[in-house]
Amino acid sequence: MTPVDLRSDTVTQPTAAMREAMMAAPLGDDVFGDDPSVNALQERLAALLGFEAGLFVPTGTQSNLCAVLAHCQRGDEYITGQLHHCYRWEGGGAAVFGSVQPQPLAHQADGTLALADIEAAIKPDDPHFARSRLLALENTLGGQLMPQAWLESATALARERGLARHLDGARLFNAAVEQARRLGTDPYAQARRIASCFDSVSVCLSKGLGTPVGSVLCGSRELIARARRIRKMAGGGMRQAGVLAAAGSYALEHHVARLAEDHARARRLAEGLAGLDGVQVQAPDTNIVFIDLVGEARHKAAHLLPWLAERGVLATGLYRLRFVTHLDVDDEGIARATGLLREFFQRG
């Protein structure tokens, strides 16, 4: 039986059509700047989001690292959230490699950062303090869509206080598709609207968009030139990388609108678990379903993931139970996962 892999949207396999596009990609040496497929992807995504330039990198972690170090110098500081990836989940790279201090803030219940907390975290220009240089945010956060009005207010505050603004848009197009659904507008226009709040945006191609590898950092030509130098130092120059970049270009054309299917399946999974004793389901905005176990159900937590895996459903539970839909999970897979979860929690 084919497993239903709900661990992450990073597990997706390239489709047959994407593989064809990869094999047909014209190639060059990207370190010399002459890979036409890489250049096409960088230019396309930068233009789509309203930036001057883009930089193709191997991973979202490296994209965020290049962004923070391009915005900041040694002894500077970036303000971010406790749960934002560039602080919590990326190995402390900015501090380790760049001597850039993170200033993490507590999140509100909806995942936002209080404007008053951002304001209070900005340090005065005094030798006692690291220099506050950058506000780094994320959209989506844990699968939840950050309100556009809040993004605009938070980034406006940062701009008024002289801070640059970076967005970890690992799932930017998930956010844009959901925003477009609610407003009845175009997802590409919504992605540009979100990006317009920021000086730089990182977009991951290997999550919901379904490519095998890669992210793109977008920003001004000057910022991207600095980031390119950092990418080289970090070992991110990949030579004939067009075979990977072609997958990104294909995904931007063919895999954006279909993200709505992943979101619908996540909602279906969440709705299918409603009413189970001790099971609290966070209603998903996009493609990630989080589950918390309370009361007697907590005692079953250690057994759940192995039990599901034995029956062909894979998930993760690093800090909460997490189920992520993607292009390799269909309606039948969601029905299987839902049925097994209900069986597990309803048995004695």
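Reply: This is a predicted model. Consider E178, which touches L145, H263, R267, D285 and T286, not counting residues up to four places away in sequence. E178 belongs to helix 8, residues 172-183.

Me: Is E178 buried or exposed?

Reply: E178 counts as buried because its relative accessibility is 1%, and the cut-off for buried is under 20%. Its side chain makes a polar contact of 2.9 Å with the side chain of R181.

Me: How is an aromatic pair described?

Reply: One gives the distance of the ring centres and the angle of the planes. The whole structure holds 3 aromatic pairs. One of them, F173 with Y188, is edge-to-face, at 6.4 Å centre to centre and 65 degrees between the planes. F173 is in helix 8 and Y188 in helix 9 (residues 187-195), so this pair ties together parts 15 residues apart in sequence. F173 is buried at 2% relative accessible area, whereas Y188, at 26%, is partly exposed.

Me: Why is the pair of W307 and F344 called tilted?

Reply: Their planes stand at 55 degrees, with the centres 5.3 Å apart, so the pair is tilted; planes over 60 degrees apart would count as edge-to-face. The pair links W307 in helix 13 (residues 301-310) to F344 in helix 14 (residues 331-346), 37 residues apart. W307 is buried at 8% relative accessibility, and F344 is buried at 2%. Together with F345, these two residues form one aromatic cluster.

Me: Which charged end sits over the ring of F344?

Reply: That of K300, 6.0 Å from the ring centre. Elsewhere, the charged end of R239 sits over the ring of F32, 5.9 Å from its centre.

Conventions. Residues are numbered from 1 along each chain as its sequence is written. This is a predicted model: local features need pLDDT of at least 70, side-chain atom pairs count only at pLDDT 80 or more; totals for chains, interfaces and linings use all residues. Side-chain values use heavy atoms; hydrogens and water are left out. Helices (H or I, at least four residues) and strands (E, at least two) are DSSP runs, numbered from the N terminus. Buried means under 20% relative accessible area, exposed over 50%, partly exposed in between (1.4 Å probe, protein chains only). A polar contact is a pair of N or O atoms within 3.5 Å; within protein, one must be able to donate a hydrogen and the other to accept it, and residues adjacent in sequence count only if both atoms are side-chain atoms. Contact means heavy atoms within 4.5 Å. Rings of Phe, Tyr and Trp (its six-membered ring) pair if their centres lie within 6.5 Å; planes under 30 degrees apart count as stacked, over 60 as edge-to-face and the rest as tilted. A charge sits over a ring if NZ of Lys or CZ of Arg is within 6 Å of the ring centre and within 35 degrees of the ring normal.
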